[in-house]
Amino acid sequence: MKNTHKQKELWFGFSEDKVFGEIMSNPAFCKHVLQGILPEIPIKKIFPPKKQEVIIDPEHRDQKDIRLDILVEDINGSLYNIEMQRSDDDDIARRMRYYASKNDQRYTLHQGYTYNDLKNVFIIFLCTFKTKQKVAIKSTYQTINVGNHADILQDGLTKIIINSNGVPDGTETETLLNLVKLMKDLPVHGDKLFDKAQKRIESMNADPEWRDTIMDFETRMLEREQVGEKKGLKTGALTLVASLKDVGCNSQQILQQLKQKYGNVFSDKQLEEFLKQS
């Protein structure tokens with residue numbers, strides 16, 4: 001019998017990279033979200049957000065490049081780097097540290113200025129994955145004195161993690177709670193800017209050209225991740241070879257260890273080449 005049921009189309013929600021970039025590049029909505037995350041800071045005006053901003057250091061090609069999801073500056077010069085994080089790679093803290101360093105490298109202090117002119121930077125990660133332990137919806141991190149937690153080092157760097165699976169503690173703004181709903185693809189009511197955002201997400205999903213663009217981007221990102229993962233494994237294999245040589249292992253012993261650890265990723269020929277390279 002012929003199956004007459006239509007296959008349900010994949011829904012691309014707010015957390016999908018292309019959708020997130022499109023929605024958050026709207027200055028009014030971006031400012032609204034930022035103010036909901038940071039109610040204690042009056043954000044009077046922001047400049048048009050930059051999406052998918054790539055930071056490359058041409059003089060240090062061995063350094064890891066990054067692509068910022070959203071980068072926005074307010075009228076006071078503060079920078080806000082907003083990232084969507086859908087998977088838990090157990091590296092959020094160090095990833096935030098690296099993103100902060102790259103923001104400093106490119107944007108926060110120009111030649112001829114003093115360190116007092118260094119811009120305030122907010123690294124904000126919106127996380128949709130479930131954590132092993134219960135966490136709050138919003139967690140804020142600054143540099144503190146280990147011996148006196150009330151003593152905060154005024155370095156101008158603030159890191160914030162918003163977890164859509166977090167537990168509310170009663171301090172969240174209505175805008176932040178609406179953001180959490182949007183991250184979970186739940187309907188938001190009673191907020192004009194969120195209404196517009198949801199309609200835009202619906203129109204993107206209904207547009208065949210947008211859907212093709214999103215799917216192509218997802219495919220490219222997956223391929224890029226796979227290439228990056230394989231490069232990392234190659235580095236690990238070369239490090240292993242060097243370590244085993246240092247402790248006096250012969251080529252046969254090293255090759256045996258390589259096959260045992262990396263044989264499911266690289267061919268015997270590739271592993272033998274790694275042995276020659278190191």
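Two strands are taken as paired where DSSP finds at least two bridges between them. Helices (H or I, at least four residues) and strands (E, at least two) are DSSP runs, numbered from the N terminus. The model is predicted: local features need pLDDT of at least 70, side-chain atom pairs count only at pLDDT 80 or more, and totals for chains, interfaces and linings use all residues. Residues are numbered from 1 along each chain as its sequence is written, and side-chain values use heavy atoms, with hydrogens and water left out.

The protein chain contains eight helices and eight strands. Of its 278 residues, 36% count as buried, where buried means under 20% relative accessible area, exposed over 50% and partly exposed in between (1.4 Å probe, protein chains only). Contact is defined as heavy atoms within 4.5 Å. Among contacts between residues at least 6 apart in sequence, 63% join residues at least 24 apart.

Six strands form an open sheet in the order E1-E2-E3-E4-E8-E5, and the pairing is mixed. Strand E1 (50-55) and E5 are the edge strands, each pairing on one side only. From one strand to the next, the twist averages 30 degrees; axes are lines fitted to C-alpha atoms, for helices over the stretch in contact, and angles run from 0 to 180 degrees between N-to-C directions. Strands of a sheet pair through backbone hydrogen bonds, either parallel or antiparallel. Both arrangements occur here: E3 and E4 run parallel and are joined by seven bridges, whereas E5 and E8 pair in the antiparallel sense over four bridges. Leu-79 has Val-121 in E4 as its bridge partner, and Lys-138 stands opposite Ile-162 in E8.

Strand E4 is mostly covered, with seven of its seven residues buried. In a regular strand the side chains alternate between the two faces of the sheet. In E4, Val-121, Ile-123, Phe-125 and Cys-127 point one way, and Phe-122, Ile-124 and Leu-126 point the other way; all are buried.

Helix H3 lies across E1, strand E2 (66-73), strand E3 (79-85), strand E4 (121-127) and E8, and runs at about 140 degrees to E4. The buried residues of H3 are Ile-92, Met-96, Tyr-99, Ala-100, Lys-102, Asn-103, Tyr-107 and Thr-108. These buried residues pack against E1, E2, E3, E4 and E8. Asp-104 is also found in helix H3, but it counts as partly exposed at 35% relative accessibility. Apart from its neighbours within four places in sequence, Asp-104 is in contact with Leu-109, Leu-118 and Val-121. Asp-104 and Lys-119 are 15 residues apart in sequence, and their C-alpha atoms are 8.5 Å apart in space.

Pockets were assigned on a 1 Å grid over the protein atoms alone: a pocket is an open set of points where a 1.4 Å probe fits, with protein on both sides within 12 Å along at least five of seven lines, and lining residues have an atom within 4 Å of a point. Grid points are joined across faces, edges and corners, and a volume is the space filled by probe spheres set on the points. The second largest pocket holds about 540 Å³ of space. Its lining is made up of 19 residues, of which Ile-92, Ala-93, Thr-131, Tyr-141 and Ile-161 lie nearest the centre. Helix H3 (92-108), strand E5 (138-141) and strand E8 (157-163) are the elements that give two or more residues to this lining. The largest share, four residues, comes from H3. The lining of the second largest pocket divides into nine nonpolar, four polar and six charged residues, with Ala, Val, Leu, Ile, Met, Phe, Trp, Tyr, Cys and Pro counted as nonpolar, Asp, Glu, Lys and Arg as charged, and the others, Gly among them, as polar.

Ile-43 is placed in the loop between helix H2 (27-37) and E1 and is buried, with a relative accessible area of 3%. Leaving aside neighbours within four places in sequence, Ile-43 is in contact with Lys-31, Leu-34, Gln-35, Asp-74 and Tyr-80. The C-alpha atoms of Ile-43 and Asn-76 are separated by 8.4 Å, although these residues are 33 apart along the chain.

Thr-175, in helix H4 (residues 174-183), is buried at a relative accessible area of 13%. Beyond its neighbours within four places in sequence, Thr-175 is in contact with His-32, Val-33, Gly-36 and Phe-194. Asp-185 is found in the loop between H4 and helix H5 (192-206) and, at 42% relative accessibility, counts as partly exposed. Most residues other than glycine have a negative phi. Asp-185, although not a glycine, has a positive phi of about 60 degrees.
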